[in-house]
Amino acid sequence: MIAGLLLPNLSVQAQPPPLHVMTWNVCAGTNAGCALFRRSNAELAWHVAVLATEADVVFLQEFCTDADADLERELERRTGRNWSVRSAGLKYSDGSPYQCLPDRNGRPRGVLSVTLAVAVAGADTGLVVHALTSPPWGPRRYAVCTADRAFCTAHFSSGSSYDDRQKGRPYRHIQLRELFKLGRGVIGGDLNLVPRDAAGAYKGRDECDPRRRWTYVTRKRKIDYVFAGEGRVRKCFVDYARSTWSDHVPLHAWVRAGSTPLAPR
């Protein structure tokens, strides 16, 4: 009887550690005011990977598609884990690619993208691109999700004069509904909506930062998010020390693990 009482509580010990999810608008493609503008693919990968050394999942916006392979290699080198990376390159309304400007040596960097990187167990995991409803005259917007939709990220229309500037932000609200219909677990990215306008996303979910601190450096407002089911968010960190690296700061969330297999640490 005493021996039985001394047995360890296996149900408690078996709890997996929380998943570390980072979202960051890198501002790498076309904005000359950002630090990573015209940096090489290798430099882009380094700046992301150095922030994501302890992460399990990375959501990126305004990345460049030609840096995907560099990012995967750099993440694997730094973490010793297998990673899968998938980008969706933005397109103009006529279907032509929304190119990142070349690096300082004139080498191409691909297309401005929304990107998902996942530390996966074993072989490559399925990462799937989903089109979002976009203004007919503006850039085509996309979400990228794992095949089981446990993780989804997107970069919504910007609200500029050529991209959902209308009263009521109609396309961004459509994109919000579409993204949260797609996602079944952890959802985030640059939503280009302040919390008041993203109120629907909070229903039945926790967001990384209940204090709703700013993430957009230029205008000091919150437009970057990581959402998970109620009770799943364990910790949040807004990395203001990186406020000179981009016009957005990285946002880190620790989320109670779900069923998606991730590469062991």
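Biologist: Which strands do the buried residues of H5 pack against?

Modeller: In this predicted model, they pack against strand E5 (127–132), strand E6 (141–146), strand E7 (151–155), strand E8 (186–190), strand E9 (205–207) and strand E10 (224–229).

Biologist: Which residues of H5 are buried?

Modeller: Tyr 171, Arg 172, Gln 175, Leu 176, Leu 179, Phe 180 and Leu 182. They cover an arc of only 160° around the axis, so they lie on the same side of H5. The face turned away from that buried side carries Arg 177 and Lys 181, which are exposed.

Biologist: How do you know that the length of helix H5 agrees with its number of residues?

Modeller: At 1.5 Å a residue, the 13 residues of H5 (170–182) should span 18 Å. The end C-alpha atoms are 19 Å apart, which agrees.

Biologist: What makes Cys 208 and Cys 236 a disulfide?

Modeller: Their sulfur atoms are 1.9 Å apart, and the cut-off is within 2.5 Å; therefore the pair counts as a disulfide. The pair links distant parts of the chain, with Cys 208 in the loop between E9 and E10 and Cys 236 in strand E11 (residues 233–238), 28 residues apart.

Biologist: Why is Cys 208 called buried?

Modeller: Buried means under 20% relative accessible area. Cys 208 has 2% relative accessibility, so Cys 208 counts as buried.

Biologist: How many disulfides does a search of the whole structure find?

Modeller: Four. Among them is the one joining Cys 27 to Cys 34, at 2.0 Å from S to S.

Key
Residues are numbered from 1 along each chain as its sequence is written. This is a predicted model: local features need pLDDT of at least 70, side-chain atom pairs count only at pLDDT 80 or more; totals for chains, interfaces and linings use all residues. Side-chain values use heavy atoms; hydrogens and water are left out. Helices (H or I, at least four residues) and strands (E, at least two) are DSSP runs, numbered from the N terminus. The expected span of a helix is 1.5 Å times one less than its number of residues. Buried means under 20% relative accessible area, exposed over 50%, partly exposed in between (1.4 Å probe, protein chains only). The arc is that of the directions from the helix axis to the C-beta atoms. Contact means heavy atoms within 4.5 Å.
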